[in-house]
Each structure stands twice: as C-alpha cells, then as structure tokens.
Amino acid sequence: MLVELIGVNKHFGDLHVLKDVNLTVSRGEVVVVLGPSGSGKSTLCRAINRLESIGSGRIVIDGRELPEEGKELARLRADVGMVFQSFNLFANKTILDNVTLGPIKVRGMAKDEAQTLARGLLSRVGVADQAAKYPAQLSGGQQQRVAIARALAMRPKVMLFDEPTSALDPEMVNEVLDVMTELAAEGMTMIIVTHEMGFARKAADRVVFMADGAVVEQAPPEEFFSQPRTERAKDFLSKLISH
Ligand SMILES: Nc1ncnc2c1ncn2[C@@H]1O[C@H](COP(=O)(O)OP(=O)(O)OP(=O)(O)O)[C@@H](O)[C@H]1O
Ligand SMILES: [Mg+2]
C-alpha cells in the first residue's frame, strides 16, 4: 500500500465533509475519484497532503503517518505531487525556474542538476521549447503540463490531480490527458479527480465514487460504468449521459 486513509473524518464547522473515509491505493495504481459537486473530492485530495487538516483518522504514505506539522511534514508532503485545476505557476518566474524551485529549495539539489532535471521533464511533457518564457506567455494546456513537470521534479511517490483539465479550453484537454496517460503507463501511482469519463474508463484501474463526503462505491471502471451498484452512482451517471 502506498497511500492509506483510515477512518478519516473532517468537518468544516457543522458540515461533515469527509465521513469515515477508508481508502487504500497500491503502488502503481491509478485511482479516479468521481462524485457530484460538493461530495468532498477536493477536500480528500487536500487532506492527503495536509493542505487541509483532518479531525480524526490516519493518513499513511508509504508506511509513514503524515504528521500534523513540522519539518517531517514538509519532507513527506514532497512525496505527494499535486496538480490543481488552476495551474498555480509563479507568474514572475520563468518556466524553467518554476520547475527547478522545489528541487533546489526543498530537496537541496544543486542548481545545474535541477536545471538538467527540469529540462528533461519539460521535454517529457512536450514544452521543452518554452523553458525561458513566463507562464502568461503559454497556453493553458502548456501551463498545466508545466505544472505536471514541476510536481514530477520533486520525484513524488504519488501524484494527485484535482480536475486538472476543467479550466482548459476543449482543444487543450487531450494534450494534458495524454501526458497523464503516459505517466500512468510508466507506473506512476495516481489519484485523479476528473470529469473526463473517457479518460477514467481508459486510464483508471479503479473508480472511487464519493457522495456526501463518503466513499459510496469502488469498482474497476468497466464495472462501475456498466453496473453501478448504488442509487447515488446510478443517478450521477444518468445525469452525465443526459447532457
Ligand atoms: N474551506 C472551506 N470552508 C467551509 N466549507 C468548505 C471549505 N472547503 C470546502 N467546503 C465544503 O465542503 C464540501 C466539500 O467540498 P469539496 O470542495 O471537497 O467538494 P468537491 O467534491 O471537490 O466539489 P466540486 O466537484 O465542486 O469541486 C462542500 O460542501 C464545500 O462547500
Ligand atoms: Mg473539487
């Protein structure tokens, strides 16, 4: 098991947003998290690297429990790469500097080594020729691929994606999904929140369906999409098909 959530609960005030969530992800597994808006998918992702605190339960990454805070947290957090809907690149830094920053600051890597690593990763996601530019000079799809390269530069054990394509123009969605599909094929452990059902069917080993803060159903994609077991999942899928 690479990622383990055991009895995780989270409240925002009176709102119980994660309800006794148990979830395990094995090394190399690709898990797609689906569910209606407000079901807790983003909160789940954010809890996994402690961007969000939890009320009770345990989160274990590669056999080590995530501490609440401190140096150890920063180190363990670096094991979890995160890509958000908004690209979150530093606007005043070049693409190359965006990617080298983490390895230099957090991993203590020498600058030239970090640049070699960054150039390799930028080329892997297909934006090697953009290294000297600033984020605003890139398309959304290119920026999101840079965000993926930046996360990979930390050599994470697991990558979390929270709706990585939902802010993109339609023609740029596939270029980002293609990079993610390649990562999955290379054996990266991935937890992906997405509304791209074609991608979920194709790339996921398992679909985790959330509703009202709870994991309601888990199944391989072909099974989830063809024979959802719960009314919540049936309802969710029928709404997708109807528009
Ligand atoms: N910082 C916060 N303070 C208070 N409530 C919050 C906060 N963040 C999220 N919530 C609430 O927690 C619930 C779960 O939100 P979350 O963003 O995890 O849902 P989601 O499944 O990612 O939804 P979406 O598909 O719209 O992104 C929602 O009811 C939301 O309003
Ligand atoms: Mg969300």
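Helix 1 contributes three residues to the shell around ligand 1, the most of any element. Helices (H or I, at least four residues) and strands (E, at least two) are DSSP runs, numbered from the N terminus. This is a predicted model, in which local features need pLDDT of at least 70 and side-chain atom pairs count only at pLDDT 80 or more, while totals for chains, interfaces and linings use all residues. Residues are numbered from 1 along each chain as its sequence is written, and chains are lettered from A and ligands numbered from 1 in the order in which they are written.

**Ligand 1**
- The shell consists of Phe12, Leu15, Val17, Gly35, Ser37, Gly38, Ser39, Gly40, Lys41, Ser42 and Thr43; a residue is near a molecule if its C-beta atom, placed from the backbone, lies within 6 Å of it.
- Two or more of these residues come from each of strand 2 (15-25) and helix 1 (41-48).
- By type, the shell has three nonpolar, seven polar and one charged residue. Ala, Val, Leu, Ile, Met, Phe, Trp, Tyr, Cys and Pro count as nonpolar, Asp, Glu, Lys and Arg as charged, and the others, Gly among them, as polar.

**Whole chain**
- Nine helices and 10 strands make up the secondary structure of the chain.
- Along its principal axes, the C-alpha trace spans about 55 × 40 × 30 Å.
- Of the 243 residues, 42% are buried, meaning that 20 or more other C-beta atoms, placed from the backbone, lie within 10 Å of the residue's own.

**Domains**
- The assignment gives domain 1 (3-79 + 158-241) and domain 2 (91-155), with bounds from an automatic or database domain assignment.
- The domain centres, taken over C-alpha atoms, are 25 Å apart.
- In domain 1, 11 residues are in contact with 10 residues of domain 2; contact requires C-beta atoms, placed from the backbone, within 7 Å.
- Helix 6 (residues 170-185) gives the most to that side of domain 1, with four residues.
- The side of domain 1 touching domain 2 has nine nonpolar, no polar and two charged residues.

**Nonpolar core**
- The largest nonpolar core has 70 residues, and Val33, Ala149, Leu160 and Ile191 touch the most other members. Such a core is a set of buried Ala, Val, Leu, Ile, Met, Phe, Trp, Tyr and Cys residues joined through C-beta atoms within 7 Å.
- Domain 1 and domain 2 both give residues to this core, so it lies between them.
- Leaving out residues up to four places away in sequence, Val33 touches Lys41, Leu44, Ile191, Ile192, Val193, Val208 and Met210.

Conventions
A residue is buried if 20 or more other C-beta atoms lie within 10 Å of its own, exposed if 12 or fewer, and partly exposed in between; C-beta atoms are placed from the backbone. Two residues are in contact if their C-beta atoms, placed from the backbone, lie within 7 Å.
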